[in-house]
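Reader: I'm new to this one. Can you walk me through it?

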Amino acid sequence: MATATSQASQYWHQALKMRKHLLKHLEKLQAETTLGIDISQFEAIEGLLEKYTQPMRSLACFGFAFLTQCLIRFRLAFVHTIFLDFAYAVKENSEEALWTSHTSINTEYRRIQSRLKHSSHTVERRKLEKSYNNFLRVAQKFYKGYIQRLAARYDVPELRRVAQGIDVEQMDSVDQISPIPAKLQAMVLKSCHSTLLRIGDLSRYRTQARHKNSGYETALTYYSLAHHIKPHSGYAHHQMGIVHLDQGNHLDIVYHFYRAWAVESPHPNAQSNLELEFKSLQLPNSSKSRHNAATAQDAFSMWFVRLHALFYKGEKFHQQAELEGEIMHRLEMACHIEKSTNTLLKMALVNMSAHHIAATNYAGS
């Protein structure tokens, strides 16, 4: 009788085979679209996925009704692999391999959208937008279903809270693992954390695809849930910083990038992205946010982050005393305004994070 690991290995081998064909098809698409745009190529991707998942039709017992769609059939091999042998799936880096397939398709959609942006081919552009939105919607639904299945399979309170937070129905499970070994629980929670970040990214992509500067609340919710799962990781804060970067909210950008850096497990891009933000704040037009500083509190926030940008350089600057004096004056005023509480808390945490980074760098020099 085959062991769970050997069965998982077989499913993952099938998944890698499908992934190989998918990536080959994307390479072909990239080459062909240099000559012209053919929307039917994206439909061919779904057909390709369908072709390589025919043997798995009977595996719908996992309860994901949406797995009947072609795109989700591609992911079914991953689902079987990870629930047959979680440790094996982790060792094979299966989650990252699956996500890379999503991001590769996403990149190709965006590349072709960019080419069609100023094109007169209105019909093709609308078809592509519809196809792209459907891709993101189905991907988001799959990952939510994956968390739903995690919460049903593993008796971990954090998983149940996340499932409630993303508004998925509770699943009945005949194979629940309880109690769950500590090592397995750590792997499962890490998987949940990564999945929440990916759902947040997909939600952010959908908002960006609508070409609107609002509607990011859903993405921020997923990132916040991820942070609650692993508060010592900087990845959720980094992604929240990316959201605010799109919106031009400078205090939030600095706050989240600092929080993504000054943590036990910092995001690898937190420092570089914070430094890019600080450089932008020193440009002549940096006093204007993307939405303009319409209130005194907005101006206060801008002066605060500009001061931090100047401090970060580690050099004296001629307007330091004037800028510090103005900020202290605004700070005193803000302390008497109840609605300033959230802003003041962020500023305090920025100060603490900046001090931590500076002290760490000094100790290591």
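Predicted model: local features only at pLDDT ≥ 70, side-chain atom pairs only at ≥ 80, totals over all residues.

Reader: How many helices and strands does the protein have?

Author: There are 15 helices and 0 strands. Both are DSSP runs numbered from the N terminus: helices are H or I with at least four residues, strands are E with at least two.

Reader: And what share of the residues is buried?

Author: Of the 365 residues, 47% are buried. Buried means under 20% relative accessible area, exposed means over 50%, and partly exposed is in between (1.4 Å probe, protein chains only).

Reader: New topic. What is the angle between helix 8 and helix 10?

Author: About 5°, and the axes are 10 Å apart. Axes are lines fitted to C-alpha atoms, for helices over the stretch in contact, and angles run from 0 to 180 degrees between N-to-C directions. So helix 8 is roughly parallel to helix 10. Angles under 35 degrees count as roughly parallel, over 145 as roughly antiparallel, 65 to 115 as roughly perpendicular and the rest as oblique.

Reader: Which residues make that contact?

Author: Helix 8 brings His 193, Leu 197, Asp 201, Arg 204 and Gln 208. From helix 10 come Tyr 235, Ala 236, Gln 239, Ile 242, Val 243 and Asp 246. Contact means heavy atoms within 4.5 Å.

Reader: Is Asp 201 buried or exposed?

Author: Asp 201 counts as buried, because its relative accessibility is 10%. Asp 201 lies in helix 8, residues 182-209.

Reader: What does its side chain make a polar contact with?

Author: The side chain of Gln 239, at 2.9 Å. A polar contact is a pair of N or O atoms within 3.5 Å; within protein, one must be able to donate a hydrogen and the other to accept it, and residues adjacent in sequence count only if both atoms are side-chain atoms. Leaving out residues up to four places away in sequence, Asp 201 touches Trp 99, Tyr 223 and Gln 239.

Reader: How do helix 10 and helix 11 pack?

Author: Helix 10 (residues 235-247) and helix 11 (residues 250-261) pack at about 160°, with axes 8 Å apart. They are therefore roughly antiparallel.

Reader: Last one. Where does Val 174 lie?

Author: In the loop between helix 7 (157-165) and helix 8. Val 174 is exposed, with 89% relative accessible area.

Key:
Residues numbered from 1 in each chain as written. Heavy atoms only, no water.
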